[in-house]
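Hi,

Here is the structure I promised to pass on to you.

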Amino acid sequence: MPTSRRTFAVAAVAALVLPLSACGSGGGGGGSSDASGKVEGDITFQTWNLRANFKPYFEDLIAEFEKKHPGTHVKWVDQPAEGYADKISADAAGGTLPDVVNVSPDLVAPLAKAGLALDLDKAAGQYEKEYLAGAWAGHRIPGMEGTYAFPWYLNTGPLFYNKSLFRKAGLDAERPPKTYDELFDAGLRIAEKTDGEVATLANVPAIEDFGRYGVPLMNEEGTAFAFNDAKGVELLARYKELYDAKALDRQALTATPESAGKKFLTGAVAMNPGSALDLANFKKQAPSLYRDIGITDQITSTGHVNMYVMGVMVNAQSPRKPAAVAFAHFVTDAAHQMSFAKQVAVFPSTAGSLDDPYFTEEDGTDETRVRVAAAKSLKTAANYTPVLFSEQMKTELRNEVAKALQGKQSPKEALDNAVKACDRLLRQQG
């Protein structure tokens, strides 16, 4: 039951594989890490599918920065979600990467390896204390020293469930599953009571699900994957049991977050991950579901929920690094992260911000309840998706999981094959 990056509010995250031609473009280390000097000149700032909904926010932000730093000019470009990774890859190869770039950890990893992402530990280490430790570490790359993007916004979310479907299956709608055993038992019960008409989950397990289950995802050195251990096999075997009993939606093998969400809206699926943003959607599109919606915590064996991290990277090749670093910090400082979070229903990565009353005080509404609970969980949350886990690796894992669920190979064989393929791709990254 992976929380989608759709629920990350504003970005449909992909992953990036730089063409080999870009690997030499870093100039043997991406140029100087010195970002000192006067903040001046023209820079370009690239965001990821944000203009349509947040144009006034970014225009005001840029105007404020330019007023604070006379002699600067920020050109804002926004790229659509689809093809974003390809666009960055092409710019990296062609030497046209913007000065400041909106990235996720998996996007920044190949850029850092190619010498195109500025090491902020060296160039802007004085700002580290302003951010949550886990967020600052979110853009570190295994096998490399340094931090390669400012943390921007975070997100996580609860697990929604349909109380009506729970009651029809004879389950206590006020006591949703809290453990994986309870989740799988509930799934089998609902499938049995509805003769397979209602599934409990609509997604196959993704890498973050293995992480939440307590499976070690990589070795300590970050040089090989390890999710094919006994615990990983156990999780996939449990999903196979659900699939055989029709407790896992039959279209889960090809499901997208959007299609899974629609299944939940129509009552074909009993549980689905989401965020506070989804409540407004339920209220508008499925009022009967909204009136009977259940909200519970993400299920985890580790005690740490999954979170997603978004960042702002500075191009190490930028000829205007002082301005680029100043602007990237400006975008992600506490005041601007708080104002953005109130518009977008995301969470700031700055230290102390999650203690603001906006994230700690309830007012009796479900929206606030979700926000307060999510903010509390983020203080100890983990980003389970390895920084080096590329889009190709996600596809390899998904394909092997599908074969296991269809009975074409055992869960052990499937994960062994997935690890083998991911390790091969990992070596190619290096």
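Below are my notes on the sheet, some backbone angles and the salt bridges.

First, the ground rules. This is a predicted model, where local features need pLDDT of at least 70 and side-chain atom pairs count only at pLDDT 80 or more, while totals for chains, interfaces and linings use all residues. Residues are numbered from 1 along each chain as its sequence is written, and side-chain values use heavy atoms, with hydrogens and water left out.

Let me start with the sheet. Helices (H or I, at least four residues) and strands (E, at least two) are DSSP runs, numbered from the N terminus. Two strands pair if DSSP finds at least two bridges between them. On that basis there is an open sheet of 6 strands in the order 2-1-3-8-4-9, with mixed pairing. Strand 2 (72-79) and strand 9 (347-348) are at the edges with a single partner strand each, so one side of each has no neighbour in the sheet. The partner of strand 9 is strand 4 (residues 150-155): the two run antiparallel and are joined by 2 bridges. Within this pair, Leu154 stands opposite Phe347. Helix 14 (residues 334-344) lies across both strand 4 and strand 9, at about 25° to strand 4. That angle is taken between N-to-C directions, from 0 to 180 degrees, using axes fitted to C-alpha atoms, for helices over the stretch in contact (heavy atoms within 4.5 Å).

Next, the backbone angles. Most residues other than glycine have a negative phi. Ala345, in the loop between helix 14 and strand 9, has a positive phi of about 60°. Ala345 is partly exposed at 26% relative accessibility (buried is under 20% relative accessible area, exposed over 50%, partly exposed in between, with a 1.4 Å probe and protein chains only). Lys246 also has a positive phi, about 65°. Lys246 sits in the loop between helix 9 (230-244) and helix 10 (257-265), and its relative accessible area of 40% makes it partly exposed.

Leaving aside residues up to four places away in sequence, Lys379 touches Leu354 and Asp355. With the side chain of Asp355, the Lys379 side chain makes a polar contact at 2.5 Å (a pair of N or O atoms within 3.5 Å; within protein, one must be able to donate a hydrogen and the other to accept it, and residues adjacent in sequence count only if both atoms are side-chain atoms).

Finally, the salt bridges. There are 17 of them in the structure, each a side-chain nitrogen of Lys or Arg within 4 Å of a carboxyl oxygen of Asp or Glu. One joins Glu174 and Lys163 at 3.4 Å, N to O. This pair links distant parts of the chain, 11 residues apart, with Glu174 in the loop between helix 6 (163-168) and helix 7 (180-193) and Lys163 in helix 6. Glu174 is exposed at 53%, whereas Lys163 is buried at 16%. Another joins Lys240 to Asp244, at 3.1 Å; both lie in helix 9, 4 residues apart, about one turn of the helix.

Happy to talk any of this over.

Best wishes
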